[in-house]
Amino acid sequence: MAYHSMTARYKLAPGSQVREEDFGLLFYTQRGPGLFFVSSGNLLDEDFFLGNLTLEEKLRQLSLPGSLADARLSELEKTLDMLKNKGVILEC
């Protein structure tokens, strides 16, 4: 499966909401199953899902060391892809 999350921008799908928690993000959608927990720490926030930044831009904005960014990148790409496939977020 090829991920292109680094260059895509994302926004919440209609009927979806996101809330920041200590562990990362909590997504709620009217589609089943309803709740998704994303252990993103402080890498992503609610504003990321306004569609203004790509994942690459967001990570660059955080000034993460390359090794940390590389270690979390694959996990974040898979998570964004899963949320997109479940209809929680949309590529824009």
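Residues 24 or more positions apart account for 57% of the contacts in the protein with a separation of 6 or more, a contact meaning heavy atoms within 4.5 Å. This is a predicted model, in which local features need pLDDT of at least 70 and side-chain atom pairs count only at pLDDT 80 or more, while totals for chains, interfaces and linings use all residues. Residues are numbered from 1 along each chain as its sequence is written, and side-chain values use heavy atoms, with hydrogens and water left out.

**Overall make-up**

- The protein has two helices and six strands, taken as DSSP runs numbered from the N terminus (helices H or I with at least four residues, strands E with at least two).
- Read from the N terminus on, the elements follow the order β-β-β-β-β-α-α-β.
- Of the 92 residues, 39% count as buried, where buried is under 20% relative accessible area, exposed is over 50% and partly exposed lies in between (1.4 Å probe, protein chains only).

**Sheet with order 5-1-6**

- Three strands form an open sheet in the order 5-1-6 with antiparallel pairing, two strands being paired if DSSP finds at least two bridges between them.
- Strand 5 (50-54) and strand 6 (89-91) stand at the edges with a single partner strand each, so one side of each is left without a neighbour in the sheet.
- Neighbouring strands of this sheet are turned by 30° against each other on average, direction ignored, with axes taken as lines fitted to C-alpha atoms, for helices over the stretch in contact, and angles running from 0 to 180 degrees between N-to-C directions.
- Strand 1 (residues 9-12) runs antiparallel to strand 5 and is joined to it by two bridges, and arginine 9 stands opposite threonine 54 in strand 5.

**Sheet with order 2-3-4**

- Another open sheet of three strands has the order 2-3-4, again with antiparallel pairing, and its twist averages 20° from one strand to the next.
- Strand 3 (residues 25-29) pairs with strand 4 in the antiparallel sense over four bridges, and leucine 25 has valine 38 in strand 4 as its bridge partner.

**Surroundings of glutamate 57**

- Glutamate 57 lies in helix 1 (residues 55-61) and is partly exposed, with a relative accessible area of 26%.
- Leaving aside residues up to four places away in sequence, glutamate 57 touches Arg9 and Asn52.
- The side chains of glutamate 57 and arginine 9 are joined by a polar contact of 3.4 Å, that is, a pair of N or O atoms within 3.5 Å, where within protein one must be able to donate a hydrogen and the other to accept it, and residues adjacent in sequence count only if both atoms are side-chain atoms.
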